[in-house]
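Welcome, and please open the model in your viewer. We will go from one stop to the next, selecting as we go.

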2 protein chains.
Amino acid sequence: MKALTVSCVGGAVLDVIYRVDQLPSSDTKLVARSRVESGGGMAANAAAAIARLGGNARWIGRVGDDDMANHIVSGLETSGVHVTARRICDATSPHSIVLVDQRGDRAIVLYRSTDFDADAQWLPLDMICQANVVLADNRWVAGAVRALDAARARGLPAVLDADISDDPQMILAVKAASHVVFSEQGLAGLFGTADPLEGLKRAAVHAPFVAVTLGGAGVAWLDAERQPQHLRAFPVTARETLGAGDVFHGAFALALAERRTESEALRFAAVTAALKCERTGGRSTFPNRSEVDERLLHTW
Amino acid sequence: MKALTVSCVGGAVLDVIYRVDQLPSSDTKLVARSRVESGGGMAANAAAAIARLGGNARWIGRVGDDDMANHIVSGLETSGVHVTARRICDATSPHSIVLVDQRGDRAIVLYRSTDFDADAQWLPLDMICQANVVLADNRWVAGAVRALDAARARGLPAVLDADISDDPQMILAVKAASHVVFSEQGLAGLFGTADPLEGLKRAAVHAPFVAVTLGGAGVAWLDAERQPQHLRAFPVTARETLGAGDVFHGAFALALAERRTESEALRFAAVTAALKCERTGGRSTFPNRSEVDERLLHTW
């Protein structure tokens with residue numbers, strides 16, 4: 001099968017991971033045992049997951065004007081992702097400080113520069129839409145709206161990865177998408193309800209297809225008749241859930257590119273994300289196609 | 001008076017300061033409110049303090065091969081310090097992640113790359129010793145020994161800033177110095193006693209002049225007859241003690257360059273460091289000469 005293409009528009013960040021003896025408390029000074037950089041970010045991780053699954057993955061987004069930008073781009077390229085990065089002059093790249101103690105507990109401090117403005121006019125829409133599916137995350141709403149609008153105008157599936165956000169514009173990204181897959185917190189935060197099914201009903205006013213990932217409780221969505229459906233989580237022993245949501249969205253978008261139905265695509269995504277959770281490590285441990293196909297033979 | 005010159009050999013680090021709503025605990029994810037970079041490091045801060053006091057300050061040391069190195073160097077140059085920096089290929093510059101919560105409490109994670117080896121052969125000893133005093137810190141023992149040995153061979157005061165360390169070679173730096181000013185923890189750690197006077201007696205076996213800073217309890221030293229002397233701390237309302245020890249050492253070295261006696265130099269250093277503690281902010285708030293001279297008119 002010819003490899004299918006997914007364009008992923010949105011965030012890429014650098015996780016800078018320090019191993020420490022214990023997590024810091026007030027007025028402590030710790031010496032880090034090691035420092036490792038690892039690529040992260042919703043759209044960027046989704047692209048890396050797609051590449052690992054054999055798809056043509058593109059990432060389009062902004063980086064800062066620093067070393068971290070180079071590391072973000074080279075990390076994606078190493079993962080097989082085609083990168084179109086706009087450098088924001090004099091800005092610090094988005095990054096997370098991740099402190100991990102000896103027990104594996106972690107504390108994360110995320111930094112996003114206010115120099116990353118909303119401007120999305122530079123997005124190369126023709127290139128982005130020379131794809132089978134366009135995916136965007138909600139970290140950069142103006143970019144998501146512009147990319148998803150362009151995709152739908154050309155008849156392409158337009159997938160939004162909708163995580164929790166305090167951006168009052170977020171609903172605009174939901175309205176621009178053909179398929180919205182929320183995180184549990186993202187859905188609850190946007191529609192003001194802790195009940196996922198109630199949240200999905202409210203979301204369905206704005207987008208044709210809406211789903212929500214529920215971590216260990218699986219995934220829920222509304223089918224073509226707006227009836228709630230549910231898929232249990234694929235049973236694995238989770239060792240590291242960091243990035244699992246991003247992997248889910250990448251796999252879901254690739255499955256849509258392969259013209260699977262939404263419920264098939266969610267099943268494919270659920271297995272891929274579950275396998276990712278079995279392993280620690282970065283993008284090089286994201287599941288590949290044969291691993292996912294082998295597990296898909298099982299029902300659960 | 002012609003400005004006198006102090007060469008400072010040792011560490012420069014970049015403090016990367018993130019403001020957060022609260023300090024992180026296990027499995028928390030915080031968004032940083034701001035990110036500010038500030039220069040730090042023992043020898044580098046000492047050099048900046050000397051420049052603020054009107055001395056000719058040089059800093060000689062290693063940096064990594066990254067953006068942080070540029071920021072470390074430009075920060076020192078902005079403070080009026082003449083920089084001779086050796087870039088360690090492919091290494092990450094030494095840096096601290098400083099998390100500050102809304103109450104001003106802070107947690108610090110320090111990272112030092114193992115790529116900074118001991119090699120000190122590159123040190124430009126002739127340039128370093130074209131000075132009135134040479135100061136070194138104990139973060140890079142081989143560099144301190146080589147610089148202090150060269151200074152003493154030329155009859156210059158050779159000052160060691162001796163902070164706590166787990167480097168088993170540290171005693172070699174103490175032996176190389178003509179003047180060692182320990183931190184309380186540095187003295188206790190090296191000589192295995194919590195009693196500063198006992199520590200000074202043990203240290204005096206190795207170096208002609210030994211002193212120890214005791215924070216709010218002042219400074220203690222042994223005079224030419226090896227008798228213990230003590231100076232109370234200059235009374236201030238301390239708002240930020242970060243870097244105060246480094247400022248103390250810089251001021252002490254500059255005062256020796258000005259041919260003050262050791263006890264006069266300690267008094268000058270104590271006032272300078274106390275004034276520094278009255279203020280928050282980086283090197284631009286280090287005390288200048290007229291501020292120190294004004295306070296020196298007081299006895300305390």
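A cavity here is a set of grid points where a 1.4 Å probe fits but cannot get out, and its volume is the space filled by probe spheres set on those points. Keep in mind that you are looking at a predicted model.

With that rule, 1 cavity of 30 Å³ or more turns up. The largest cavity holds about 30 Å³ of space. To find it, select B:Glu184, B:Leu187, B:Ala188, B:Thr193, B:Ala194, B:Asp195 and B:Pro196, which line it. Now color helix H6 of chain B, residues 184-191: this helix gives the largest share of that lining, 3 residues. Sorted by class, the lining has 4 nonpolar, 1 polar and 2 charged residues.

Next, show both chains. How many residues of chain B are in contact with chain A? Select them and you will have 28, facing 27 residues of chain A. Together the two chains bury about 2,400 Å², with 58% of it on carbon and sulfur atoms. On the chain B side, highlight B:Arg35, B:Val109 and B:Tyr111; these lose the most area to chain A, together 20% of what that side buries. If you look for salt bridges across this interface, the rule finds 0.

A rotation of 180 degrees, with 0.0 Å of shift along its axis, brings chain B onto chain A with an RMSD of 0.1 Å. The two copies are therefore related as by a two-fold rotation axis. To see where the axis passes, center on B:Asp67: its C-alpha is the nearest to the axis in chain B, 3.0 Å away. The same surface serves both copies, as 96% of the contact residues of chain B recur in chain A.

Methods
Residues are numbered from 1 along each chain as its sequence is written. Chains are lettered from A and ligands numbered from 1 in the order in which they are written. This is a predicted model: local features need pLDDT of at least 70, side-chain atom pairs count only at pLDDT 80 or more; totals for chains, interfaces and linings use all residues. Side-chain values use heavy atoms; hydrogens and water are left out. Copies are superposed by least squares on the C-alpha atoms of residues with pLDDT of at least 70 in both. Contact means heavy atoms within 4.5 Å. On a 1 Å grid over the protein atoms alone, a cavity is a set of points where a 1.4 Å probe fits but cannot get out, and a pocket is an open set with protein on both sides within 12 Å along at least five of seven lines; lining residues have an atom within 4 Å of a point. Helices (H or I, at least four residues) and strands (E, at least two) are DSSP runs, numbered from the N terminus. Ala, Val, Leu, Ile, Met, Phe, Trp, Tyr, Cys and Pro count as nonpolar, Asp, Glu, Lys and Arg as charged, and the others, Gly among them, as polar. Buried area is the accessible area (1.4 Å probe) that two parts lose on being put together, summed over both. A salt bridge is a side-chain nitrogen of Lys or Arg within 4 Å of a carboxyl oxygen of Asp or Glu.
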